[in-house]
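The sequence and the structure come before my notes.

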Amino acid sequence: MIEILLASNNEGKIKEYEEMFEGLDIKLYLLKDLNIVSDPEENGKTYIENALIKANALKDKTNLYILADDSGVEFEALGEHFPGIHTHRYAIENGGNKLLNPKLAKEIGGTKGTFYCALALITPKKETFTFLGKVNGTVAKECEGNNGFGYDPIFIIDGFDHPNAYYSEEIKNKNSHRAKAVESLIKFFKEKNIL
């Protein structure tokens with residue numbers, strides 16, 4: 001069994017990862033499960049740098065595998081790489097996604113965007129590996145659906161007819177930016193005979 005410490009205390013995030021790892025011999029822990037406190041300043045210039053900052057902050061606190069992620073969305077209509085690594089902050093500064101999503105749908109609906117997820121993995125031998133997943137899509141012209149969070153109500157992945165929030169967690173967790181990054185991670189585990 002692979003035991004992995006997620007660099008997070010987010011219950012929703014661990015649930016998402018558990019669904020993506022379903023059927024594999026992997027046990028996940030949140031920081032609070034192991035009484036670990038970690039809140040490093042994410043001052044990287046890329047998703048991968050931020051994921052590495054979170055993972056490296058835990059390097060001396062456990063001998064388990066460490067998995068950290070950083071994600072964001074980039075809307076073409078808002079400028080190059082924006083909001084990007086500031087995706088979460090951008091939502092907060094604009095009153096949260098409940099207020100921001102309808103505004104974006106109205107103002108930039110129909111334009112292109114890309115969701116990114118970077119993963120940083122540190123092994124028990126303290127080796128570091130990174131993975132990047134991305135999905136392209138379009139900003140919906142109106143919010144739709146009650147599943148998911150963040151920008152899910154307005155982001156339509158290429159090949160789909162509705163925003164992410166319209167679909168079940170199962171469908172979302174097979175097609176999201178995080179799912180693409182996790183696919184690469186699972187492939188890595190299998191190639192290295194870890195799984």
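This is a predicted model: local features need pLDDT of at least 70, side-chain atom pairs count only at pLDDT 80 or more; totals for chains, interfaces and linings use all residues.

Residues are numbered from 1 along each chain as its sequence is written, and side-chain values use heavy atoms, with hydrogens and water left out.

**Helix H6.** The 15 residues should span 21 Å, and the end C-alpha atoms are 22 Å apart, which agrees. At the start of the helix I found a side-chain oxygen of Ser-176 within 3.3 Å of the backbone nitrogen of Arg-178. I then listed the buried residues of H6, among them His-177, Arg-178, Val-182, Leu-185 and Phe-189, where buried means under 20% relative accessible area, exposed means over 50% and partly exposed lies in between, with a 1.4 Å probe and protein chains only. The buried residues of H6 pack against E1, H1, E3, E4, E5 and helix H5 (169-175), with contact taken as heavy atoms within 4.5 Å.

**Nonpolar cores.** Which members of the largest nonpolar core touch the most other members? Of its 23 residues, these are Tyr-17, Phe-21, Leu-67 and Leu-119; a nonpolar core is a set of buried Ala, Val, Leu, Ile, Met, Phe, Trp, Tyr and Cys residues joined through side-chain atoms within 4.5 Å. At least two residues of this core come from each of strand E1 (2-6), helix H1 (11-20), strand E2 (26-29), strand E3 (65-75), strand E4 (112-122) and helix H6 (177-191). H6 gives the most, with seven residues. Leaving aside residues up to four places away in sequence, I found that Tyr-17 touches Leu-6, Leu-28, Leu-67, Asp-69, Leu-119, Arg-178 and Val-182. I also noted a second, separate core of 16 residues, which includes Leu-5, Ile-36, Ala-51 and Leu-58.

E4 and strand E5 (residues 128-139) pair in the antiparallel sense over eleven bridges, a pair of strands being counted when DSSP finds at least two bridges between them. The two form a hairpin with five residues between them, and Lys-126 in the turn has a positive phi of about 70°. Phe-115 stands opposite Val-135 in E5. On the next pairing, E5 and strand E6 (residues 155-157) are antiparallel over three bridges, with Val-139 opposite Phe-155 in E6.

I looked at Thr-114 in strand E4 separately, and it counts as buried at 13% relative accessibility. The side chain of Thr-114 makes a polar contact of 2.9 Å with the side chain of Asn-136; such a contact is a pair of N or O atoms within 3.5 Å, where within protein one must be able to donate a hydrogen and the other to accept it, and residues adjacent in sequence count only if both atoms are side-chain atoms.

**Charged pairs.** How many salt bridges does the rule give? The count comes to eleven, a salt bridge being a side-chain nitrogen of Lys or Arg within 4 Å of a carboxyl oxygen of Asp or Glu.

- Glu-11 and Lys-32 meet at 2.8 Å, N to O, and the pair links distant parts of the chain, 21 residues apart, from helix H1 to the loop between E2 and helix H2 (47-56). Glu-11 is partly exposed at 48%, and Lys-32 is partly exposed at 41%.
- Asp-70 pairs with Lys-54 at 3.6 Å between the closest N and O atoms. Asp-70 lies in strand E3 and Lys-54 in helix H2, so the pair ties together parts 16 residues apart in sequence. Asp-70 is buried at 6%, and Lys-54 is buried at 13%.
- Glu-191 pairs with Lys-187, the closest N and O atoms being 4.0 Å apart, and both lie in H6, four residues apart, about one turn of the helix. Glu-191 is exposed at 57%, as is Lys-187 at 53%.
- Lys-13, Glu-16, Asp-69 and Arg-178 are linked in a network of salt bridges.

Conventions:
The expected span of a helix is 1.5 Å times one less than its number of residues.
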